[in-house]
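Visitor: I am new to this structure. Can you show me how to read its features?

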Amino acid sequence: MKNNTEILKLKQELEEALLLLSQITDDNFDDNFSKVVKIMKHYELKKEEVNNFPQIEIFQEFAKELFPIAKLIKDSYDNLVTKKQLELELIKDELSRIQDRKKIAVYER
């Protein structure tokens, strides 16, 4: 791994992934999410590559620059999943209320 150049490039990719996650909508979910997954796979490969070489200064630079962004991506992803779960619960509740009203309407006839 070429120290600073590759770290900076990877940092830019991680920042792009964070931006893509923050811009996800129902319309662009598939496209944005696949890009984020691709970036994170690349990051994991580089992280493994750095971990396999005992050059402490490279690891420290890698960790200092990239780990915080990777943590933000994880948190952003977790927030997105939580938000979608809440939306699904609201839809489920609404469907249940509609079913209940339908049963009442049938019963009243």
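Guide: Start with contact: it means heavy atoms within 4.5 Å. Keep in mind that this is a predicted model.

Visitor: Leaving aside neighbours within four places in sequence, which residues is I73 in contact with?

Guide: I73 is in contact with L14, A17, L18, L21 and M40.

Visitor: Which residues touch the most other members of the largest nonpolar core?

Guide: The general idea comes first. In soluble globular proteins, nonpolar side chains tend to be buried together. Here the largest nonpolar core has 19 residues, and L14, Y43, F62, L66 and I73 touch the most other members. Helices α1, α2 (29–51) and α3 (56–108) each supply at least two residues of this core. The most come from α3, with 7 residues.

Visitor: Is Q12 buried or exposed?

Guide: Q12 sits in helix α1 (residues 3–22). Its relative accessibility is 56%, so Q12 counts as exposed, because exposed means over 50%.

Visitor: How many salt bridges are there?

Guide: Side chains of opposite charge can pair when their charged atoms come close. The count here is 8 salt bridges. One of them joins E13 and K9, at 3.4 Å from N to O. Both lie in helix α1, 4 residues apart, about one turn of the helix. E13 is buried, at 17% relative accessible area.

Visitor: What about D75 and K71?

Guide: Their side chains form a salt bridge at 3.1 Å, N to O. D75 and K71 are 4 residues apart in helix α3, so about one helical turn separates them. D75 is partly exposed at 29% relative accessibility, and K71 is partly exposed at 46%.

Visitor: Which residues are linked in a network of salt bridges?

Guide: D26, K84 and E87 are linked this way.

Technical notes
Residues are numbered from 1 along each chain as its sequence is written. This is a predicted model: local features need pLDDT of at least 70, side-chain atom pairs count only at pLDDT 80 or more; totals for chains, interfaces and linings use all residues. Side-chain values use heavy atoms; hydrogens and water are left out. Buried means under 20% relative accessible area, exposed over 50%, partly exposed in between (1.4 Å probe, protein chains only). A nonpolar core is a set of buried Ala, Val, Leu, Ile, Met, Phe, Trp, Tyr and Cys residues joined through side-chain atoms within 4.5 Å. A salt bridge is a side-chain nitrogen of Lys or Arg within 4 Å of a carboxyl oxygen of Asp or Glu.
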